Amino acid sequence: MGLKNLFEKRYSVRSFQPKQIEKDTVIRILEKARLAPSAVNYQPWKIYIVSQGETRAEINSAYPKKWFENAPHVAVFTGLKGQNWKRQDGKDYLMCDVTIVTDYFVLAATEEGLGTCYVGAFDAGIVADALKLKDEDPILMVPFGYISEDAKFKVKKRKSVDEIAVWL
Ligand SMILES: Cc1cc2nc3c(=O)[nH]c(=O)nc-3n(C[C@H](O)[C@H](O)[C@H](O)COP(=O)(O)O)c2cc1C
């Protein structure tokens, strides 16, 4: 799939088939995600694939929505605190690095025909407890799976190039 198609095809999927994804497929996605760039190439991230059992139940309680609970898998993207680059003025780039690896994962999953949704509005304390995180900051979660027939693609409402580009 060309990059333009991939960008157009990805949307926030909030309805999944109750079907597990083959591990080989998830590994293919992770093999692409791990190629993501990061400041000074520190790669300050971990990706937890949470599917079933007690840990999944705890993760669900951090974002208690039925559609999220129904996703067969959730990828949790954490940042390794203190292992990332900071700008000269102290600006911390951990969230930036973790967002990029999350994007790579999402686009690789889209290429596999899977549905994804970025989730940021979760209770980080619950996720940290569920995954027994010590020096890691949970930054994004991505439920993913085969797309249900009733999932709704909405035409993308985006600012135009004229609104966002500044030519100097
Ligand atoms: C950083 C980030 C956090 C988000 N958090 C949530 C969330 O907590 N719950 C949710 O349903 N969607 C969440 N979204 C999805 C956005 O609402 C969605 O991407 C946006 O409305 C554009 O729609 P599209 O993804 O279908 O193109 C998040 C997206 C991003 C990029």
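**Ligand shell and sheet**

The model is predicted, so to speak of local features takes a pLDDT of at least 70, side-chain atom pairs count only at pLDDT 80 or more, and totals for chains, interfaces and linings use all residues. Numbering starts from 1 along each chain as its sequence is written, and side-chain values use heavy atoms, with hydrogens and water left out.

In total, 14 residues surround the ligand, and the closest are Ser12, Arg14, Tyr63, Tyr118 and Arg158; near here means a heavy atom within 4 Å. Arginines supply polar contacts (N or O pairs within 3.5 Å): ligand oxygen atoms sit 2.8 Å from a polar side-chain atom of Arg158, 2.9 Å from one of Arg14 and 3.0 Å from one of Arg10. On its own the ligand has 630 Å² of accessible area, of which the protein covers 58% (Shrake-Rupley, 1.4 Å probe).

As for the fold, four strands form an open sheet in the order 1-2-4-3, paired antiparallel; strands are DSSP runs of E, at least two residues, numbered from the N terminus, and pairing takes at least two bridges. Strand 1 (45-50) and strand 3 (114-116) are the edges, each pairing on one side only. Three bridges tie strand 3 to the antiparallel strand 4 (residues 136-146), where Tyr146 is the bridge partner of Leu114.

Conventions:
Polar contact = N/O pair within 3.5 Å; in protein donor to acceptor, adjacent residues only side chain to side chain.
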